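Have the structure open as you read.

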Amino acid sequence: MVEEVRLRNFKSHRDTVLRLGEGINVIVGENGSGKSTLLEAISFALFKDRPEGMRLEELVTKGQREMEVEVSFLSGGNRYRVVRSWGGRSTSRLYRGDGSLLRQRDREVTEEVERITRMNAKLFKSAVYIQQGEIDALLSDVPAERKNMLAKLLGIERIEQAYERMREVLRVFEGEHEALGWVEEEMERHRDRLKALEAEARSLREGLERLEGERRRAEREAASLREMLELAERGARLKLRIERAEAEVRGAKQELERIRYYERVLEERRGEVRRYREVEGEVKRVQEALRRAGEMRARLSGVLRQVEEYRRSLRRREEVAEEILSQASQVLGRRVEGVEELRREVELRQREVEELLRTLEERVKALERDAAGARGQRQEMERYLRELEGAGSRCPVCWSEIEPRRREEVMGEYRRRIEEAEERERRLREEAEECRAEREYLERRERKLTAIGSRVGELERLEREREELRQRVMEMEKEAERLRGEAAGVEELEERYRKLERELEALEGARRAWDEAEGYLSRHGGRKEELQKRCRELEDSLRRLRRELGEVEERLGGDAGEVRKSLERRHAEADAKLRGLERRIGECRGELERLERERERLEGELEELGAKAERRRRLGEFVALLKRIREAFSRDCLQKDLREEAMPRIEHHTREIFQEFNLPYTELVVSDDLSVSLYGPLGEVSAEMLSGGEKVAVALALRLGIARALAGGAMEMIMLDEPTVHLDAQRRQELVDVVRKLASVPQTVVVTHDWEFEQAADALIVVEKKEGVSEVRVSAPKAEAGYQGSGDS
């Protein structure tokens, strides 16, 4: 039984608290006011069952980010409180009546609620939470639909599904069992192959023993030959040492002879080499003198080039100075010879031009003033003339009458004076224009004089540079004369150098022979005594080696070289034979190893095959067990037992509840397909023949009977959502009467928009929607229920 419902931001309910009591709780209101949402919230809180097709986030009030539903309920005499919320992720909590936490995960909370209420969401929505138009749907469904519904409630549907799925599981395991049928035959083949391998291995071991005996004999023979070969090799090494000692003796004697030869060369060429060195020193001194003379000539050439360069620079500066003076003479109109004369003449002319320019400037200003005065007089006369012409026969000054002749005379006088003023202004302006032209000429002349004056400094600089260049030319000519004197006598030095070169060439052979002898003796001359001693030692060693060689050849029975060749051939043959035996032994051992590996492989495979044979045996046992289990899940076994066990309880509870309605029937029978038959004074009556109220009573009794039977008798509430939909006034009244008589259910919650249920209500709850938010107010005809929420209380 539900005691309290709290909603926060759940669909249209922003903050609602609803308390429900025992008896009939009727929730009324207009369509869309949020009545059914209260029942949806109870189903959601208990079993997390959402309205069909809606996601969790769609249950949140528009404009909000989270919601929470809390339901407090009573079951089996114990109180519980379940809280479901969503704010981006789902959370669930289940509390005991004392506030202690019982469960806190979605699935754990749902499973614990199912255990407490002894029903799941499917049974709850089929028998407890009856939605719009579904009260008598159970009676109007075809028998097959009712049977399927009962199978789902009893869990028979899942048993049938398990029965069918086990067919596929059996097929898989049977297929695997059949697929391993080859294992026994394969194990027998592996055992036969192992026996063949063992026989082949024994044969190989016997052959290996024979080969190892032959190898030992061959090793002894090879060792004897190797000993004789080592003796022959010793003789060969002695012969080689004798040959090397003889060669070394010959080399030492040849080197001694060469040392004596070069000693004679030094004695014979001493005087020629002394002369060669004297001539060589003289040549170096002459070469140094020639080098210095060459440097003097190069320096003289450089000095002469510099003198010529200075002269060209001097000529260029003289040409530039001449050009400047020529330009200045043209501007001044007379020949100017020097810088001082040019400076004086330019300063004089500049002063004259400046004076003339000042005079012209004053004259131009005076002429412009006079021209302006003449223009003012002309303009004044023109104004008087216009006034006189406009005044008609009157004087424009005193406005007295004036005679026409006098008027014409005055006007003629004005015109004459205007012409004179115009002529005077024109002459003054022409004269001013002539003065301006003369001023422009003087200004151009002034600029030319300024330009000439600016080049006076350049002339002075050129004059200084010309003087410096003349001085340098004189100095360089003196230097050149001195260098010519120092470079004299070069021809005599060159002749002396050529004679010395010829003498050096004649002495070159003696010098080379001396250098060769001196170089050789410097490297080897100190070894003369050492070489003599080495010769004596080598001759002693040769005698000893020849004696030892004689002893070796005596033991060999012939020449060491010839015997060695024979022994090498025989030793090679013995080695080849030994290698052949080693190869055959290695092949035998390799074959034995291969057989051993194959044996190990076969034994491993045989072990794997044994495991597969064991698996096949277990699979056979498991398939037999599965078949027995599947047979137990068949319609004729467990499914039949569940129906036979449930139907008497369903019929019993349905009959008990139906009797509460005091209808004129003495017996109620429920068949396997949930078809209901009634027995009264007129005999058997089917559900299709009942009146509207009787049919509603049977439908409610059947639903509640199913719920009470499957929930173990723990049926404490029923919820009806719009039960009067599609009913006329008479049937609505009959439904109200049936609900009022339903005394065996402690709590009934009815959602409706029809006010007929008010007469049956123990608590009346009104739901209204204001500005999109559902609000609740409580009217309690029998003050059993209480309310406190977001609306009026």
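Arg312 counts as partly exposed, at 33% relative accessibility, and this is a predicted model, so keep that in mind. Its salt-bridge partner is Glu308, with the closest N and O atoms 3.9 Å apart. Glu308 is partly exposed too, its relative accessible area being 32%. Why do Arg312 and Glu308 sit about one helical turn apart? Because they are four residues apart in helix H8 (residues 270-332).

Helix H10 (residues 404-454) has a pair like that in Glu420 and Arg416, four residues apart. Glu423 and Arg427 also lie in helix H10, again about one turn of the helix from each other. Here are the pairs with their N to O distances:

| Salt bridge | N to O distance |
|---|---|
| Arg312 and Glu308 | 3.9 Å |
| Glu420 and Arg416 | 2.5 Å |
| Glu423 and Arg427 | 3.7 Å |

Glu423 comes in at 31%, while Arg427 has a relative accessible area of 46%.

The count of salt bridges comes to 61. Some join into a network linking Arg193, Glu591, Arg594, Glu598, Arg601 and Glu605.

Now for the second largest pocket, with a volume of about 220 Å³. Its lining has 14 residues, and Gly32, Ser33, Gly34, Lys35 and Ser36 lie nearest the centre. Helix H1 (residues 35-47) gives the most to that lining, four residues. By class, the lining is nine polar and five charged residues, with no nonpolar ones.

Key. Residues are numbered from 1 along each chain as its sequence is written. This is a predicted model: local features need pLDDT of at least 70, side-chain atom pairs count only at pLDDT 80 or more; totals for chains, interfaces and linings use all residues. Side-chain values use heavy atoms; hydrogens and water are left out. On a 1 Å grid over the protein atoms alone, a cavity is a set of points where a 1.4 Å probe fits but cannot get out, and a pocket is an open set with protein on both sides within 12 Å along at least five of seven lines; lining residues have an atom within 4 Å of a point. Grid points are joined across faces, edges and corners, and a volume is the space filled by probe spheres set on the points. Helices (H or I, at least four residues) and strands (E, at least two) are DSSP runs, numbered from the N terminus. Ala, Val, Leu, Ile, Met, Phe, Trp, Tyr, Cys and Pro count as nonpolar, Asp, Glu, Lys and Arg as charged, and the others, Gly among them, as polar. A salt bridge is a side-chain nitrogen of Lys or Arg within 4 Å of a carboxyl oxygen of Asp or Glu. Buried means under 20% relative accessible area, exposed over 50%, partly exposed in between (1.4 Å probe, protein chains only).
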